[in-house]
Amino acid sequence: MPSGCARVCSCVRGNKTGLSWTEDDASSNSDSSVPGPAESAPRGGRGGEGRESGSMEVVEHKHGVLAAFLNSLSPANLLRGWKARSKSHQDCSMPKVERTMKAAILIQQWYRRYLARMEVRRRYTWTIFQSIEYQGEQDQVKLYKFFNALLTHIPDPTRQPVPAERIKTAAAAAAQQATNPLEHDLLTQPVDPAYKGVHLKFPLRRKDLEALIDSFRRKKPHRLHAKYVAGVLIEAVEHLKRLPNLNQCSTAVSKQVTICGDLHGKLDDLLVVFHKNGLPSPDSPYIFNGDFVDRGKKGLEVLLLLLGVLLVFPGDVSLNRGNHEDHVMNTRYGFVREVKLKYKHCSDFLLKLIEDVYRWLPLGTLVNNKVLVVHGGISDNTDLDWVKNLSRSKYVSLLRPPVTESSAPGAELIDKMEWKQVFDLLWSDPQPADGCIPNSLRGAGTYFGPDVTDKFLAKHHLSYIVRSHECKLGGYELTHGGKVVTIFSASNYYELGSNTGAYVTLSGPQLSARFVQFSTATPNTKRLTFRQRVGLVESSALRELRAQLLQHKEALTEDLKRLDADNTGYVTVSQWSQALEARTSLNLPWRMLSHKLVTVHPSTGKVQWQTTFQDQLPAKRSDSGTVAETLYRNKSSLEAIFRIIDKDNSGYISLDEFSEACALLGEHLEASQDQAVDICRSMDMNKDGQVDLNEFLEAFRLVDMERHGPTTPDDDLSPDEPNKE
């Protein structure tokens, strides 16, 4: 019998009322399904009669099977057989439709588990990046506060008192230079005829702006001449001086307004927003909500382009100040270095002009007096009436509270309360719990809860708050019952594929929000699968985390040795996790990350703790840089402070000596013993347990910029970098 017929016959079972098909039946041996002619003949039969009767039985059997097969294909019999099988449960086979559905369900379940695993990887990767970022900000704020207290309250025996009239003269000279920058040589010198970049005319017009955008869009653009950079900055300062502390934006004509969050030097993201949403116009006004620079490689281009649209469309663009519109933050996170590399011969002057732009940027925007747009958030002390009337230009850097010049009782307290109003607007973050507490994760600003939001909105008759300041996976997030909207416009912020950017348009009488997500990527990266992108981001995050662990190698080794009392080389995952969290304070899911960072014993589940520091990959050089970016000034003052703290004149500051210095500061430095030790360890770069003079000076360099102005070290610049001004 042909195998095809046998396969068909093997599918027909039972009372011929149903048809069943299984993979096992389909691949079964045809000889075992239907007896062959030789087997059909009676064993005892002889001669032709036996063979003839046997043949007739085979033919009848074939006809019967074929008839049963054809009969079973009718819809009625198919349905009847399926019902009978469902009721009796005697037949273990499965209909094809049912098998297909089951396979689809299994595939769906597998795919959902796959997506869940990918999402877990994305989230812990995100947590690593964010924790490292916030710890860097916390260290910066901590060191800055400490050194300001040192310079203010520890006497320097080598420093002579400066006459008051001399201070006023220097201040007047600085003010004159800020208000009359056209007298600077840079603005009077002609542009080199060999310059091939775009030429600008002031005041800026739309065609100048379009030429600037076309120039920035090129893969290898000609660097904008320093004269034009200074011209844009000076014109922007004059315009910003005329603006109130809180911009007013109305949708009476436009019917909508577009809000962009942090850009952080991501020029491609800004160009994507303009491509998708168009340039600003009376029908399409924009609000850019701070953090224009730092971390990205084209922060200067982003800043110039935003100032350009502000000057060309003055009534249709609002720029809010962010916490990175601050020279101290720029020194730590790369923007100062960027300006020095691009314009090394006139970087000092340009950086001073940029500081003038920062100090005159408005602190927020009110849309139809219904929505408040600020960079960070609010606190339980935020008062918009106070914010509207304060003098914002005196806050060159928000990381240092202002020192009042008034001798009236309570003047210093009032000045610091005003400073806190500005600080909270730029540095605060929302939290799910009620109340308002210090932002311990960043080291600055506050965490404000839903109750604080409700009271603030009710007091000022507002509908909701739009803020930025925090990177979000999808580019935006709604919290506090939709009354706080976070918008972040820098895609691929931590690493390629780490997050999408977004902007939001508010439209209608209720200012309803519509979010637009986007991401910029090169053609090669667009071909990556979802799993490859997650893996790329994960490997980058783990690399940065290993670099962080390596900084604590000596202390962690001591802690883990102490836990490994029997010297087996293994500790429990719980012990390992607690040791790492105690030293790093990163608040990470260490137990989940253990299989990625260390070797785990397959049977006991314990961690081979020596592998914590093995296979250390070099971390990608961040634009934020380290404390060795530039030289520093005022060595004599710092050396005097160093000698005061170094009581035994050993040339090193020990933890005990440092703690005594902190105790001497007392109320001026709000730091406990443990915090003092942390500050000292932050300055101990080689992790030898002591701080020498070089480490002391390098740590101070980050916080000394605002006090003494930027430096001009050509040694910090790349020797291969040509002067393209």
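Modeller: α6 gives the largest share of the lining of the largest cavity, four residues. This is a predicted model, where local features need pLDDT of at least 70, side-chain atom pairs count only at pLDDT 80 or more, and totals for chains, interfaces and linings use all residues. Residues are numbered from 1 along each chain as its sequence is written, and side-chain values use heavy atoms, without hydrogens and water.

Colleague: What makes Arg-122 and Val-537 lining residues?

Modeller: Both line the largest cavity, so each has an atom within 4 Å of a cavity point (1 Å grid over the protein atoms alone; a 1.4 Å probe fits but cannot get out). Elements giving two or more residues are α6 (96-153) and α20 (530-551). Helices are DSSP runs of H or I, at least four residues, and strands are runs of E, at least two, numbered from the N terminus.

Colleague: How many nonpolar, polar and charged residues does that lining have?

Modeller: Five nonpolar, three polar and two charged. Gly-497 is in the lining, and Gly counts as polar.

Colleague: How do you know that β8 and β9 pair?

Modeller: Pairing takes at least two DSSP bridges. β8 and β9 (446-448) have three, in the antiparallel sense, so they pair. Ile-437 has Tyr-447 in β9 as its bridge partner.

Colleague: What makes β7 and β8 edge strands?

Modeller: The open sheet runs β7-β9-β8, with mixed pairing. β7 (429-430) and β8 (436-438) each have a single partner strand, so one side of each lacks a neighbour in the sheet.

Colleague: Where does pLDDT stay under 50?

Modeller: Over residues 1-53 and 155-183. pLDDT is the predictor's confidence in each residue, from 0 to 100. Where it is low, the predicted coordinates should not be read in detail.

Conventions: On a 1 Å grid over the protein atoms alone, a cavity is a set of points where a 1.4 Å probe fits but cannot get out, and a pocket is an open set with protein on both sides within 12 Å along at least five of seven lines; lining residues have an atom within 4 Å of a point. Contact means heavy atoms within 4.5 Å.
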